[in-house]
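User: I'd like a close look at one part of this predicted model. Please keep it brisk.

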Amino acid sequence: MNSTLSLTKVSTIYPSIHYTDSHASLQPMSLTVCFPGKFPRQILERSNIPVCISVSIDEEYGTFTTPVIEVASLDLRHRGSLLHRSGDSDDVSLNFSPDMSNVGEPTISFLPLPPSFDFVNRADWETVAQRIQEWVTTEVDTESSLWTWGRDAFWLAFVAAYPSIPMGKWPMWDPRIPLEGSFIEEWLQRSNDYGADEEVPTQDDVVSDIWNEFCRHAALFYPLPLISLA
């Protein structure tokens, strides 16, 4: 007889929907899983404890989207440690690099975003980009994983503020923030690849996609609501 106790909790939730003139998108959600109670230490020292998380959406929406799961530790000693992203191996090693410890790390001063923040408003993104730029260049150790995270967050906000970049007009950013990182490098490459006959995404669609990515990215080091309630 198997004496192992297996507990499963199932919940149905309804994400917010953002509408543009011709499209709609489901907004990211922040999910916290808690484990009340304490274990004898020797039990948890034996091995990693697997926790299975399953997210599904009705089949009728399957041609338009697929759920993406990103899990970050809420353990303050390992804040921001990416444990899993759906599409990775199911067996994820819970190893943390030493520089991910938040001991002595600066406060993420540009989060949460103000209650008035509207992700379709470019002026709001300009303010966020400026705040991230100041934080990255003055408060964060450039050798830390937090700085790399902040650099990538800056480029997400900057492109949302100036979605025509590298074309059009945009202000010069602080040169201490290099044009590096998967998002900005892919953005510049994609901008160069558009052909004369290829339909270019609308700015509303671009900003909506960036907001979704910004939410996922922010959760790696800030697993709290992104927009302040007051």
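How many residues does the largest nonpolar core have, and which of them have the most contacts inside it?

Analyst: In this predicted model, the largest nonpolar core has 43 residues. Those with the most contacts inside it are Ile108, Leu111, Trp125, Ile132, Trp149, Trp211 and Phe214.

Beyond its neighbours within four places in sequence, Ile132 is in contact with Phe110, Gly150, Ala153, Phe154, Ala157 and Phe214.

Now the pairing of α3 with α5. Helix α3 covers residues 145-161 and helix α5 covers residues 203-218. Their axes come within 9 Å and cross at roughly 165°. An angle over 145° counts as roughly antiparallel, so α3 is roughly antiparallel to α5. The crossing is left-handed.

Which residues meet there? From α3 come Trp149, Asp152, Ala153, Leu156, Val159 and Ala160. From α5 come Val207, Ile210, Glu213, Phe214, His217 and Ala218. The contact divides into nine nonpolar residues, one polar and two charged.

Leaving aside neighbours within four places in sequence, Asp152 is in contact with Glu180, Gly181 and His217. His217 is also one of the α5 residues in the contact with α3.

How values were computed:
Residues are numbered from 1 along each chain as its sequence is written. This is a predicted model: local features need pLDDT of at least 70, side-chain atom pairs count only at pLDDT 80 or more; totals for chains, interfaces and linings use all residues. Side-chain values use heavy atoms; hydrogens and water are left out. Axes are lines fitted to C-alpha atoms, for helices over the stretch in contact, and angles run from 0 to 180 degrees between N-to-C directions. Helices (H or I, at least four residues) and strands (E, at least two) are DSSP runs, numbered from the N terminus. Angles under 35 degrees count as roughly parallel, over 145 as roughly antiparallel, 65 to 115 as roughly perpendicular and the rest as oblique. A crossing is left-handed if the near helix is turned anticlockwise from the far one by less than a right angle, and right-handed if clockwise. Contact means heavy atoms within 4.5 Å. Ala, Val, Leu, Ile, Met, Phe, Trp, Tyr, Cys and Pro count as nonpolar, Asp, Glu, Lys and Arg as charged, and the others, Gly among them, as polar. A nonpolar core is a set of buried Ala, Val, Leu, Ile, Met, Phe, Trp, Tyr and Cys residues joined through side-chain atoms within 4.5 Å. Buried means under 20% relative accessible area, exposed over 50%, partly exposed in between (1.4 Å probe, protein chains only).
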